[in-house]
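Please open the structure in your viewer and keep the selection tool at hand.

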Number of protein chains: 2
Amino acid sequence: MNMIIDKLYEAAVQNSAVCIGLDTILKYLPDCIAKSGLSDCDKLFAFNKEIIDKTYDIVACYKVQIACYESLGVVGLAAYRSTLEYARSKGCVVIADVKRGDIFSTQEQYAKAHLSGDFEADIVTLNAYMGEDTIIPFEKYLGDKGLFALVKTSNPSGKDFQDLELISGEPLYIAVGRKVSEWGERSLGSCGFSNIGAVVGCTYPKEFAALKKVMPRTFFLVPGYGAQGGSAADLAEIFGDGVCGVVNSSRQILCAYKGKGDDDFAAYSRAETLKMAADLKSVIGK
Amino acid sequence: MNMIIDKLYEAAVQNSAVCIGLDTILKYLPDCIAKSGLSDCDKLFAFNKEIIDKTYDIVACYKVQIACYESLGVVGLAAYRSTLEYARSKGCVVIADVKRGDIFSTQEQYAKAHLSGDFEADIVTLNAYMGEDTIIPFEKYLGDKGLFALVKTSNPSGKDFQDLELISGEPLYIAVGRKVSEWGERSLGSCGFSNIGAVVGCTYPKEFAALKKVMPRTFFLVPGYGAQGGSAADLAEIFGDGVCGVVNSSRQILCAYKGKGDDDFAAYSRAETLKMAADLKSVIGK
């Protein structure tokens with residue numbers, strides 16, 4: 001149970017397949033924090049800490065979208081650092097959603113940036129448009145650490161390039177999926193899944209099912225649930241054999257308090273998380 | 001001359017087509033800075049400031065690779081901020097080499113992050129694997145600001161996906177290039193080029209020539225020169241009609257002093273820049 005994918009799989013089975021996306025921006029903050037007089041950095045962290053405290057026993061992991069913090073500059077990134085550190089101190093698996101992708105020597109810098117030091121996370125998301133060079137510098141960290149490569153994204157224009165048909169008759173995302181699966185064979189956990197996972201949105205269920213066939217040992221990070229339009233029903237085929245991924249929800253959980261009650265904001269997030277956990281459970285292994 | 005592409009084009013014509021990549025890492029620093037007793041943040045900035053002071057009148061622009069700073073955490077990003085701020089204060093065009101690419105709402109955060117506030121640059125690099133959603137949030141900044149989308153990258157494994165043949169008979173990078181060119185039509189400068197440019201490496205000259213045909217109004221950010229193996233000869237066909245891009249060099253310029261003399265490190269960088277400028281000039285419009 002030393003491999004990160006085993007730890008993540010175990011949490012997904014024991015707690016739930018929910019991944020809470022801590023994509024916290026200032027307008028998500030309830031008045032009790034927004035008007036607290038704290039600095040922006042401390043506000044973001046105070047909110048995240050409360051959400052983590054109230055949900056860490058019922059989730060698989062947290063995913064932290066760095067863009068939400070990067071947009072506030074150095075101060076925002078200090079809040080990002082505190083958030084990762086706190087979630088990891090609670091024993092949770094933390095995914096840095098950074099989607100970095102560059103040449104070999106630059107990926108070495110990004111690997112160092114996000115798998116050690118200030119911004120140490122357990123797993124990072126990567127964009128592999130630049131090929132295998134984007135993956136190799138991360139390999140020396142694999143085991144303790146993991147990565148999820150973008151394959152078929154949840155957004156409407158994901159199709160612009162990902163769905164282009166290749167001369168082989170397959171769409172590009174299948175070719176990317178095969179390659180990610182092949183890279184993943186180098187680092188398998190005892191749960192049967194690889195420390196190299198894939199990002200596949202649940203907003204395109206048919207495409208997801210096709211991908212799962214060519215990626216049998218790949219664990220998935222699944223965006224698109226909730227605010228983006230995806231539901232557990234879209235995951236029925238994928239999760240039919242058991243848990244093979246974690247499903248992210250951000251806004252719907254973080255802002256669950258809106259229109260209900262500011263002071264208990266994290267309690268509403270917990271209730272929303274439990275609701276989503278039950279929704280996912282209804283299709284796992286069925 | 002209010003558009004950033006006009007300012008960049010003008011600098012490329014007047015000064016040179018050289019883009020210095022300030023991809024500064026600690027091991028690049030000469031002893032006079034490395035042993036100065038300054039903090040790591042101040043060392044990186046002191047080095048960059050000296051390079052900028054000695055070269056800003058002979059280059060088209062600077063490109064700052066954020067990964068080199070991100071790897072040092074919050075302190076590194078403070079040096080990144082100071083570097084962008086200083087280069088811009090000298091009137092130079094600054095490209096933030098961040099290669100971000102995500103869903104619409106996340107790209108809004110990245111646009112805010114890199115075109116305003118702490119990390120304000122003039123132009124950012126983007127990864128468009130996730131389609132048009134990666135571009136649109138940047139459009140409201142275009143004019144004053146610009147972007148370069150990855151099309152055909154300079155690294156060996158760029159071919160893994162970018163060179164896959166589509167059913168149309170064209171490789172993927174041509175399809176991406178066409179799309180970037182089409183997006184660029186929305187924001188043309190008076191120099192005839194668009195504020196939406198493209199990253200195309202000079203390590204694949206034939207592919208570059210094919211791309212130029214389908215991207216007539218696109219200005220290029222060209223990596224791959226020098227340490228990565230590319231030369232002016234590889235750019236002869238591209239630059240035959242005149243300057244249509246800027247060519248990046250990092251290590252070869254930053255580390256020009258190595259084995260020569262630490263104290264005058266920036267003077268060696270200037271000499272190396274002038275050499276590269278002459279090399280590029282030898283093929284422009286020829």
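**First stop: C41(B)**

Select C41(B), which is found in helix α3 (residues 40–55) of chain B. Helices (H or I, at least four residues) and strands (E, at least two) are DSSP runs, numbered from the N terminus. C41(B) counts as partly exposed because it has 19 C-beta neighbours inside 10 Å. Burial is defined by such counts: a residue is buried if 20 or more other C-beta atoms lie within 10 Å of its own, exposed if 12 or fewer, and partly exposed in between, with C-beta atoms placed from the backbone.

G76(B) is 35 residues from C41(B) along the chain, and their C-alpha atoms are separated by 5.6 Å. Leaving out residues up to four places away in sequence, C41(B) touches V75(B), G76(B), A78(B) and A79(B). Two residues are in contact if their C-beta atoms, placed from the backbone, lie within 7 Å.

**How to read the model**

The model is predicted: local features need pLDDT of at least 70, side-chain atom pairs count only at pLDDT 80 or more, and totals for chains, interfaces and linings use all residues. Residues are numbered from 1 along each chain as its sequence is written, while chains are lettered from A and ligands numbered from 1 in the order in which they are written.

Colour chain A by pLDDT, the predictor's confidence in each residue, from 0 to 100. Chain A averages a pLDDT of 96, and 100% of the residues score at least 70. For the model, ipTM is 0.97 and pTM is 0.97.

**Second stop: strand β1 of chain A**

Select residues 18–21 of chain A, which form strand β1. V18(A) and I20(A) lie on one side and C19(A) and G21(A) on the other, and all are buried. In a regular strand the side chains alternate between the two faces of the sheet.

Which strands pair with β1(A)? One is strand β8 (residues 245–249) of chain A, which runs parallel to β1(A) and is joined to it by three bridges. Within β8(A), V247(A) is the bridge partner of V18(A). Another is strand β2 (residues 61–65) of chain A, paired with β1(A) in the parallel sense over three bridges. Here C19(A) stands opposite C61(A). Two strands pair if DSSP finds at least two bridges between them.

Select V59(A), in the loop between α3 (40–55) and β2 of chain A. Is V59(A) buried or exposed? V59(A) counts as buried because it has 26 C-beta neighbours inside 10 Å. Apart from residues up to four places away in sequence, V59(A) touches N15(A), S16(A), V18(A), C19(A), I20(A) and T273(A).

Next, select Y62(A). Beyond its neighbours within four places in sequence, Y62(A) is in contact with several residues, including C19(A), I20(A), L22(A) and I52(A). Y62(A) also belongs to the largest nonpolar core, which has 205 residues. Those with the most contacts inside this core are C61(A), Y62(A), A149(A), C61(B), Y62(B) and A149(B). A nonpolar core is a set of buried Ala, Val, Leu, Ile, Met, Phe, Trp, Tyr and Cys residues joined through C-beta atoms within 7 Å.

Select K99(B), in strand β3 (residues 93–100) of chain B. Phi of K99(B) is near 45°, a positive value in a residue other than glycine. K99(B) is buried, with 27 other C-beta atoms within 10 Å.

Then select strand β4 (residues 123–126) of chain B, where I123(B) and T125(B) point one way, V124(B) and L126(B) point the other way, and all are buried. Three bridges pair β3(B) with β4(B) in the parallel sense, and A96(B) stands opposite V124(B).

**Last stop: where the chains meet**

Show both chains. Chain A gives 47 residues to the contact and chain B gives 47 residues. On the side of chain A, α6(A) gives the most, with six residues.

A rotation of 180° with 0.0 Å of shift along its axis superposes chain A on chain B (RMSD 0.0 Å). The two copies are therefore related as by a two-fold rotation axis. The same surface serves both copies, as 100% of the contact residues of chain A recur in chain B. The superposition is by least squares on the C-alpha atoms of residues with pLDDT of at least 70 in both copies.
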